[in-house]
Amino acid sequence: MVKNMSRSVYQFNVADTNTAYNNMCYILSQKGFKNVLEKNENVWKWGTGLMTAVKYIKIEIPADHVILVSAWIRPLLWDEMPLDNSFVGVLPKEELKGVINVLQTYIR
């Protein structure tokens with residue numbers, strides 16, 4: 001995992017990029033994520049931010065056999081937050097880490 005200022009980034013090396021991407025999209029939709037365009041980015045979003053932080057996943061394919069997954073939460077009235085160990089948003093962060101683990105398990 002690589003971290004930038006506000007997002008956690010995971011790199012997955014895959015045998016078949018298209019199959020892995022399609023499997024990821026299926027898994028995310030089954031988990032209730034919606035594919036939306038937000039701030040000029042195509043992202044997968046779960047939640048509204050009223051009861052818990054909104055969860056985001058962005059999928060990028062920088063090269064064949066490589067998929068980058070960016071993940072972050074956005075609590076109400078806060079900016080983006082990476083999936084770190086800080087106390088703010090600990091439950092949504094852990095839930096999103098679980099989704100990343102599921103993606104990792106089923107796309108390799």
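Lys93 forms a salt bridge with Asp84, the closest N and O atoms being 2.5 Å apart; a salt bridge here is a side-chain nitrogen of Lys or Arg within 4 Å of a carboxyl oxygen of Asp or Glu. Lys93 counts as buried, at 0% relative accessibility, while Asp84 is partly exposed at 23%. Buried means under 20% relative accessible area, exposed over 50%, and partly exposed in between, with a 1.4 Å probe and protein chains only. The model is a predicted one, in which local features need pLDDT of at least 70 and side-chain atom pairs count only at pLDDT 80 or more, whereas totals for chains, interfaces and linings use all residues. Residues are numbered from 1 along each chain as its sequence is written, and side-chain values use heavy atoms, with hydrogens and water left out.

Side chains of opposite charge can pair when their charged atoms come close. The structure holds 10 salt bridges, and a network of them links Arg7, Glu38, Glu41, Lys45, Lys58, Glu60, Arg74 and Glu80. Glu60 is bridged to Lys58 at a closest N to O separation of 3.9 Å, and Glu60 is partly exposed at 34% relative accessible area.

Lys58 lies in strand β5 (residues 54-63); helices (H or I, at least four residues) and strands (E, at least two) are DSSP runs, numbered from the N terminus. Lys58 is buried, with a relative accessible area of 15%. Its side chain is joined to that of Glu41 by a polar contact of 2.7 Å. A polar contact is a pair of N or O atoms within 3.5 Å; within protein, one must be able to donate a hydrogen and the other to accept it, and residues adjacent in sequence count only if both atoms are side-chain atoms. Leaving aside neighbours within four places in sequence, the residues in contact with Lys58 (heavy atoms within 4.5 Å) include Arg7, Asn42, Leu68 and Trp72.

Strand β5 also holds Lys55, which counts as buried at 4% relative accessibility. The side chain of Lys55 makes a polar contact of 2.9 Å with the side chain of Glu95. Beyond four places in sequence, the contacts of Lys55 include Phe33, Trp44, Trp46, Pro92 and Leu96.

In soluble globular proteins, nonpolar side chains tend to be buried together. The largest nonpolar core has 24 residues, and those with the most contacts inside it are Phe12, Met24, Leu28, Ile57, Leu96, Ile100 and Leu103. The elements giving two or more residues to this core are β2 (8-13), α1 (17-30), β5, β6 (66-74) and α2 (90-107). Such a core is a set of buried Ala, Val, Leu, Ile, Met, Phe, Trp, Tyr and Cys residues joined through side-chain atoms within 4.5 Å. Leaving aside neighbours within four places in sequence, Leu96 is in contact with residues including Ile57, Ala71, Ile73 and Leu83.

Leu77 is in the loop between β6 and α2 and counts as exposed, at 83% relative accessibility.
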